Amino acid sequence: RKGVASAVALVLTFSCFIGFFFPMILRGMPPILAALVTAAVILGATLYLLNGWSAKSGAAFAATIGGIVIACLSAVIFGQIAHLSGYNVSNIENLMFVAQNTLIDVGQLLFAGILFASLGAVMDIAMDVTSAYSELVRHQPDLTRQQIFQAGMNVGRDVMGTMAATLILAFFGGSLGVWVLDYAYDLPYLQLINSNAVCIELMKGLSGSFGVIFTIPLAALCSAWLYGRKKGVSKKQ
């Protein structure tokens with residue numbers, strides 16, 4: 001049943017881009033805000049299809065939203081420090097031509113893309129932590145919120161390193177051609193580190209990693225509060 005639900009969620013995800021994100025940015029909504037709305041719809045529908053309305057879904061939803069917001073804010077801050085914007089991306093000439101005939105804010109597309117790119121990994125780690133909470137509370141309903149929170153943080157620490165590495169490797173693999181060209185031409189270090197392509201990939205990897213890292217305590221706090229309230233385990237505190 002969950003395999004079928006996962007397939008339906010994939011189709012729904014693609015439909016959300018066609019039915020929500022693209023029409024919203026064409027009508028002038030800021031791409032970052034449109035991406036956040038679309039991500040919330042995708043996230044809510046996916047969690048509902050997989051787990052229904054439950055404390056697990058609620059905690060994963062709240063933690064994932066917090067994580068992708070942190071990832072997007074990290075990208076914006078990094079972009080300001082490195083003087084990067086959506087106008088540094090490839091195909092900017094074609095995008096500018098489209099912007100002349102529509103209401104699209106081309107400058108925010110880069111950061112909206114980072115939000116979407118981080119969504120999968122952030123949702124994954126949020127579900128890992130909250131699912132572990134669900135099993136823990138089901139077998140040990142007398143645990144306090146503090147004990148549940150600490151257990152979830154221990155689980156999250158083990159997943160955090162591999163998930164951050166997954167994001168870095170995904171972004172690296174997506175821009176492998178750029179890295180190969182830079183290496184083959186033996187560019188000077190200062191020129192390489194100041195190139196827009198390399199800085200953008202670093203920004204994507206770092207911001208996504210920040211989103212993953214901060215999702216763990218968010219998932220721990222939300223799950224401990226929701227499960228503690230549902231099970232009444234906060235009486236021991």
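1. Helices here are DSSP runs of H or I with at least four residues, strands are runs of E with at least two, and both are numbered from the N terminus. On that basis Leu206 is found in helix 9, and Ser209 lies in helix 9 as well, which covers residues 196–231.

2. The model is predicted, so that local features need pLDDT of at least 70 and side-chain atom pairs count only at pLDDT 80 or more, while totals for chains, interfaces and linings use all residues. Residues are numbered from 1 along each chain as its sequence is written, and side-chain values use heavy atoms, with hydrogens and water left out.

3. The secondary structure of the chain amounts to nine helices and zero strands, giving the pattern α-α-α-α-α-α-α-α-α along the sequence. Of the contacts (heavy atoms within 4.5 Å) between residues at least 6 apart in sequence, 78% join residues at least 24 apart.

4. Of the 237 residues in the chain, 39% are buried, where buried means under 20% relative accessible area, exposed over 50% and partly exposed in between, with a 1.4 Å probe and protein chains only. Ser209 is buried because its relative accessible area is 11%, and, leaving aside residues up to four places away in sequence, Ser209 touches Ala164, Leu167 and Ile168.
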